[in-house]
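Please examine the structure shown below together with its sequence. The paragraphs that follow begin with a single residue and then widen the view to the chain.

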Amino acid sequence: MVITYQGDSYFRIQSGNFTLLVDPTNARSFKGTNIVLNTKTPSAVEAPEEEGLRWIENAGEYEIGGVRILGWNAGHEKESVISAYRVVIEEIEVGIIGPIFENPPSETIEGLGKVDILICHQPPYGILDKVGFKEAPGHWKGKHAGSKVILDYIKRKQPKYVLCGHIHE
């Protein structure tokens with residue numbers, strides 16, 4: 001399995017001839033992709049009419065090409081629905097959490113359970129999350145902007161690897 005960070009909160013997960021995209025920001029890489037998982041609905045791009053592509057943006061249970069996906073509603077951000085997913089590829093359990101700023105429903109965190117790899121939109125609170133952008137509002141400069149929910153999950157479940165997208169400065 002190869003996981004590649006594509007920028008923003010966009011990740012590509014590849015296993016042999018199988019490709020899963022998480023929160024893609026453009027449609028250039030859809031060709032040959034098996035699954036697109038969106039953790040924020042509406043997504044940054046529209047669902048294409050690509051043959052063989054499965055577009056997932058809601059809670060539910062899916063099995064595609066031997067890959068098992070369980071999804072939960074993780075809350076709301078403004079007018080968007082946020083989702084979290086548990087994906088099993090090559091017997092490796094991957095948790096994927098969208099941009100959460102408030103405590104998600106308890107069944108979301110319990111459903112994710114203990115995973116080997118956690119992929120999340122923003123970093124955990126206090127870890128590579130200090131606002132340093134000189135154009136940031138004054139009340140944010142020098143403050144931590146990471147997620148306390150993500151930090152708590154990491155402390156309790158201790159995934160082997162944590163891959164984070166970014167914070168919005």
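Leaving aside residues up to four places away in sequence, Leu 37 touches Leu 20, Leu 21, Val 22, Asp 23, Pro 24, Ile 56, Ile 69, Tyr 85, Val 87 and Ile 96. The model in which these contacts are found is a predicted one.

Several of these names return when the interior is considered. The largest nonpolar core has 19 residues, and those that touch the most other members are Leu 20, Ile 35, Leu 37, Ile 56, Ile 69, Val 87 and Ile 96.

The strands may now be placed in the chain as a whole. The chain contains twelve strands and two helices, and their order along the sequence is β-β-β-β-β-β-β-β-β-β-α-β-α-β. Among contacts between residues at least 6 apart in sequence, 44% join residues at least 24 apart.

How does the overall size compare with that of a compact globule? For 169 residues, such a globule would have a radius of gyration near 15 Å, and the 16 Å of the chain agrees with this. Along the principal axes, the C-alpha atoms fill a box of roughly 50 × 35 × 30 Å. Of the 169 residues, 49% count as buried. The accessible surface amounts to about 9,200 Å², and carbon and sulfur atoms account for 48% of that surface. As for charge, the chain carries 18 positive and 22 negative charges, whose mean positions are 8 Å apart.

Asp 23, one of the residues touched by Leu 37, lies in the loop between E3 and E4. Its phi is near 50°, a positive value in a residue other than glycine. Is Asp 23 buried or exposed? Asp 23 counts as buried because its relative accessibility is 10%, below the limit of 20%.

Lys 78, in the loop between E8 and E9, likewise has a positive phi, near 55°. Lys 78 has a relative accessibility of 80% and therefore counts as exposed, the limit being over 50%.

The peptide bond joining Thr 41 and Pro 42 is cis, with omega about 5°.

Terms used:
Residues are numbered from 1 along each chain as its sequence is written. This is a predicted model: local features need pLDDT of at least 70, side-chain atom pairs count only at pLDDT 80 or more; totals for chains, interfaces and linings use all residues. Side-chain values use heavy atoms; hydrogens and water are left out. Helices (H or I, at least four residues) and strands (E, at least two) are DSSP runs, numbered from the N terminus. The radius of gyration is taken over C-alpha atoms; the globule rule is 2.2 Å times the number of residues to the power 0.38. Buried means under 20% relative accessible area, exposed over 50%, partly exposed in between (1.4 Å probe, protein chains only). Contact means heavy atoms within 4.5 Å. Accessible areas come from the Shrake-Rupley method with a 1.4 Å probe; for residues, only the protein chains shown count as cover. Lys and Arg count as positive and Asp and Glu as negative; His and the chain ends are not counted. The place of a charge is taken as NZ of Lys, CZ of Arg, CG of Asp or CD of Glu. A nonpolar core is a set of buried Ala, Val, Leu, Ile, Met, Phe, Trp, Tyr and Cys residues joined through side-chain atoms within 4.5 Å.
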